[in-house]
Amino acid sequence: FDSSRSCAASILLHRFGTMSKTVLLATEKAFAAEAVTKIEAVTKNAGYKLQKLENYKTTDDLLKAVATVDAMIIRSDIVDAAVVDKASQLKIVVRAGAGFDNIDLPACTAKRVVAQNTPGQNANAVAELVFGMMLTSAR
């Protein structure tokens, strides 16, 4: 999963250039420490401020955190119309993973917020999980 988070940070760099922006790393389940370290390095080198919201418990926590951010990196967290509306400066949401099922694309489109993902970046981890499950089933 580490490469998908690094990829998410790289997408932000490509979209924002070197302007001073705040990036929210938001996830109900913490990112791996190594992934966070890589994201911190990428954002710092780009001159961005990284704001972390890990292991949050309520939607209200997320709504408070998005109020002034320019970008978000998420995992499977829900970015619905309420989140997009609350994030008045939001320009981009990047999912560290495949798919957009947890991002309200019409809400993003209405507010001109770019939604991107990192498909295929977690393929090795998924393959390892499937192989482990097959071994468990074979027992």
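Ile73 stands opposite Val94 in strand S4, where strands (E, at least two residues) and helices (H or I, at least four residues) are DSSP runs numbered from the N terminus. The two residues belong to a predicted model, in which local features need pLDDT of at least 70, side-chain atom pairs count only at pLDDT 80 or more, and totals for chains, interfaces and linings use all residues. Residues are numbered from 1 along each chain as its sequence is written, and side-chain values use heavy atoms, with hydrogens and water left out.

S3 and S4 pair in the parallel sense over four bridges; two strands are taken to pair if DSSP finds at least two bridges between them. Strand S4 covers residues 92–95, with Ile92 and Val94 pointing one way and Val93 and Arg95 the other way. All four of these residues are buried, a term that denotes under 20% relative accessible area, whereas exposed denotes over 50% and partly exposed the range in between (1.4 Å probe, protein chains only).

On its other pairing, strand S3 (residues 71–74) is joined to S1 by three bridges, and these strands also run parallel. Val23 has Ala71 of S3 as its bridge partner. Thr22 is placed in strand S1, which spans residues 22–27. With a relative accessible area of 15%, Thr22 is buried. Leaving aside residues up to four places away in sequence, Thr22 touches Lys49, Gln51, Thr68, Val69, Asp70 and Ala71, a contact being heavy atoms within 4.5 Å.

These pairings form part of an open sheet of five strands, in the order S2-S1-S3-S4-S5 and with parallel pairing. Strand S2 (49–54) and strand S5 (114–117) stand at the edges; each has a single partner strand, so one side of each is left without a neighbour in the sheet. On average, neighbouring strands of this sheet are turned by 15° against each other, direction ignored. Axes are lines fitted to C-alpha atoms, for helices over the stretch in contact, and angles run from 0 to 180 degrees between N-to-C directions. Helix H2 (residues 33–45) lies across S1, S2 and S3 and runs at about 155° to S2.

In overall terms, the chain contains six helices and five strands. Along the sequence these elements follow the pattern α-β-α-β-α-β-α-β-α-β-α. Of the 139 residues in the chain, 40% are buried. Among contacts in the chain with a separation of 6 or more, 58% are between residues 24 or more positions apart.

The count of salt bridges comes to three, a salt bridge being a side-chain nitrogen of Lys or Arg within 4 Å of a carboxyl oxygen of Asp or Glu. One of them links Lys38 with Glu34, with the closest N and O atoms 3.4 Å apart. Both residues lie in helix H2, four residues apart, which is about one turn of the helix. Lys38 is partly exposed at a relative accessible area of 35%, and Glu34 is partly exposed at 46%.

Another salt bridge brings together the side chains of Lys52 and Glu40, at 2.8 Å from N to O. This pair links distant parts of the chain, as Lys52 is in strand S2 and Glu40 in helix H2, twelve residues apart. Lys52 is partly exposed, with a relative accessible area of 43%, and Glu40 likewise counts as partly exposed, at 31% relative accessibility. A further salt bridge is formed by the side chains of Asp101 and Arg95, at 2.9 Å from N to O. Here Asp101 is exposed, with a relative accessible area of 69%, whereas Arg95 is buried, with a value of 11%.

A charge-over-ring arrangement is also present: the charged end of Arg75 sits over the ring of Phe31, 5.6 Å from its centre. The criterion is that NZ of Lys or CZ of Arg is within 6 Å of the ring centre and within 35 degrees of the ring normal.

In the loop between helix H5 (105–110) and S5, Arg112 is found. Arg112 counts as exposed, at 75% relative accessibility. The C-alpha atoms of Arg112 and Leu90 are separated by 8.9 Å, and the two residues are 22 residues apart along the chain.
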